Amino acid sequence: MPINRSLARATLALAALASGCTPAAQPSESIPAPAQAPAPAAQTASGALPPRYAARPTTAQITAQDMMSRLYTIADDSMMGRQAGHRGNYMATEYIAAEFRRMGLEPAGENGTFFQTIPLTVTRLAPGASLSVDGAALQLGQDYVPLPHMESRFAYVPQMQVQNAPVIFGGTLGGAMISDAQAAGKIVVVLPPVVNGQTNYRVWLAPQPRLPSAAAVVVASLDISSQGLRNLPFAQQSGLLDISQIPTRGPAGLLVTAAVAQRMLGAAPATLQPGAAGRARVSGGFNYAPRPVDAPARNVIAVLRGSDPAVNRQYVGISAHNDHEGISDRAFDHDSTVAYNTVMRPQGANDPVGTPTPAQWARIRALRDSLGADGTRMDSIYNGADDDGSGTVALLEIAEELASRGERPRRSILFISHTAEEAGLLGSQHFSENPTVPRDSIVTVLNMDMVGHGRASEVAGGGPYSIQMIGSRRLSTELGDLIDALNGRRTPPMQPDYAWDTAGHPANRYCRSDHFMYARFGIPITYFSLGYHPHYHMVTDEPQYIDYDHSARVASFLRDIATEVANRPARLVVNGPRQDPNAPCQQ
């Protein structure tokens, strides 16, 4: 799932807790081969599974053991974080296609293959970025990071060049703001949005200022959460399907620390009224330029053909995304990162975070010492075991079980493994706009994103049968009713959490995974997840922390839903409001 790409400033400092550390080695490019003999799934003293596991051949049934074998493959370090447009993601899609082929599924990509290549353009921050306040230089990544055209949600121009520009306080995003006339030619400092009384670092969720005449819009948000400096690798690179989408006129965008914002304005922003003049002058500039991708970014698509010729050209879609965040430009102490986030972010990205208290530092150090008994492990790979390796292996498990059955469902099952979700839902955008089956033949899309964690200790409302569901009644109340009725027949039933589906929810999750790209065309969807957790978008998102029994329950639930929809006498009725496919998403 896409995030405001940032990594804990405090977590970076934790690397200093370990001494004698060396940078992580570059991973190889080979796909790990499944071992013929299984290794025992012994747990470590901390309760986690071992960091390495020799996979065994999978069976026809959905099992926790099979999911473990698959996930230790697809989230292995050799996959290099599976970033779209890079070698690791290419390797992952090769693995997925090979599995579809082995299962006997029909290729449903381009030119008789399982693949659909998307026209990914990657832009990168050009060398020479600089920013100064009254002549004093600021440090890129420490004091500020530029904002590129962030997943088409910002209107900011990915370039800036200013000399002694005046500063003005613009207000709070989503609240009272200055006019464009007041902003003309100035550096406009704004505060991040306040949601439910708390400052929200997800600045892209707020209505963006319409200040086309400003020189730049500067958001004082770089250090308000535990996720500070991972803005830098995000800011250095971004993806697009069409280079013409990049705005060429309007303000540039930057994130800065609270201290920098105060230097620009001469006072803490929260003490000022919108329109207050700053006391400093700002100079500097940055620019983004397209660069070639290392490997094709590919969706992987397969079909299990239905048994009824009257309806087997209709499709029940099941989807997950195969990409993640790649490799960091620096290495972190893995166990320190686990310890910090366990204490400070016990339920993941939604926790407000401040400076640890002495008692919290003591807990962090004690946990770090207990985890690192075997020595320090430096880590630079965002493995994405949960996000969304878990959804990917659940997709494969569902496909293998359905393909192994003697009796197939009436309608066909369309398995879609999207690429470039983390770059802004680009794989699902491309497929929904250029489908390899008729778009109006897709009955529903059941999307999985992060179905690997759900323990009560990790996720608010978690538990062995928890599941978060979004969108099941937005376009088709029949779909929502079908899911709830089916769940009522399960023993024991899943325990759905619909809170994230609330209209206007500040997390905006309805708009942040691949299902939305289908919903915008009026295709009924449901988004299934087990929720945010301390490893979310961290280098610690690795297979040894996954709850495989829970993931297998989710996969079985999805299998049953897909089968029931596929065997219905009639298609699902679409009775919810439909939007303009090109209009912005509304939570």
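Here are some questions and answers about this predicted model.

User: Let's start with two helices, α7 and α8. How are they oriented to each other?
Analyst: Happy to begin there! Helix α7 covers residues 334-344 and helix α8 covers residues 358-371, and they pack with their axes 8 Å apart at an angle of about 140°. Angles over 145 degrees would count as roughly antiparallel. The two helices, α7 and α8, are therefore oblique.

User: Which hand does the crossing of α7 and α8 have, and which classes of residue make up their contact?
Analyst: The crossing of α7 and α8 is right-handed. On the α7 side, the residues that meet α8 include V338, A339 and Y340, and those on the α8 side include I364, L367 and R368. By class, the contact of α7 with α8 has 3 charged, 3 polar and 8 nonpolar residues.

User: Now for A385. Is this residue buried or exposed?
Analyst: A385 sits in helix α9, which spans residues 385-404. Among the residues that A385 touches beyond its sequence neighbors up to four places away are L71, A75, P543 and I546. Its relative accessibility is 0%, and because under 20% is the cut-off, A385 counts as buried.

User: How far apart in space are A385 and D541?
Analyst: D541 is one of the residues that A385 touches. In sequence, A385 and D541 are 156 residues apart. Their C-alpha to C-alpha distance in space is 5.5 Å.

User: How far apart are the closest N and O atoms of E400 and R70?
Analyst: E400 is in helix α9 and R70 in helix α2, 330 residues apart, so this pair links distant parts of the chain. E400 is buried, with a relative accessible area of 7%. In the salt bridge of E400 with R70, the closest N and O atoms are apart by 2.4 Å.

User: Which residues are linked with R70 in a network of salt bridges?
Analyst: R70 forms a salt bridge with E397 and another with E400. The network also includes E99 and R102.

User: Which helices do the buried residues of α2 pack against?
Analyst: Helix α2 is mostly covered, with 10 of its 11 residues buried. Among the buried ones are M67, M68, R70, L71 and Y72. The buried residues of α2 pack against α3 (87-103), α9 and α13.

User: In the salt bridge of R489 and E564, what is the relative accessible area of R489?
Analyst: The side chains of R489 and E564 meet at 2.8 Å, N to O. R489 is in the loop between α11 (477-488) and β22 (495-497), while E564 is in helix α13 (residues 548-567), 75 residues away. E564 counts as partly exposed at 28%. R489, in contrast, is exposed, with a relative accessible area of 53%.

Conventions. Residues are numbered from 1 along each chain as its sequence is written. This is a predicted model: local features need pLDDT of at least 70, side-chain atom pairs count only at pLDDT 80 or more; totals for chains, interfaces and linings use all residues. Side-chain values use heavy atoms; hydrogens and water are left out. Axes are lines fitted to C-alpha atoms, for helices over the stretch in contact, and angles run from 0 to 180 degrees between N-to-C directions. Helices (H or I, at least four residues) and strands (E, at least two) are DSSP runs, numbered from the N terminus. Angles under 35 degrees count as roughly parallel, over 145 as roughly antiparallel, 65 to 115 as roughly perpendicular and the rest as oblique. A crossing is left-handed if the near helix is turned anticlockwise from the far one by less than a right angle, and right-handed if clockwise. Contact means heavy atoms within 4.5 Å. Ala, Val, Leu, Ile, Met, Phe, Trp, Tyr, Cys and Pro count as nonpolar, Asp, Glu, Lys and Arg as charged, and the others, Gly among them, as polar. Buried means under 20% relative accessible area, exposed over 50%, partly exposed in between (1.4 Å probe, protein chains only). A salt bridge is a side-chain nitrogen of Lys or Arg within 4 Å of a carboxyl oxygen of Asp or Glu.
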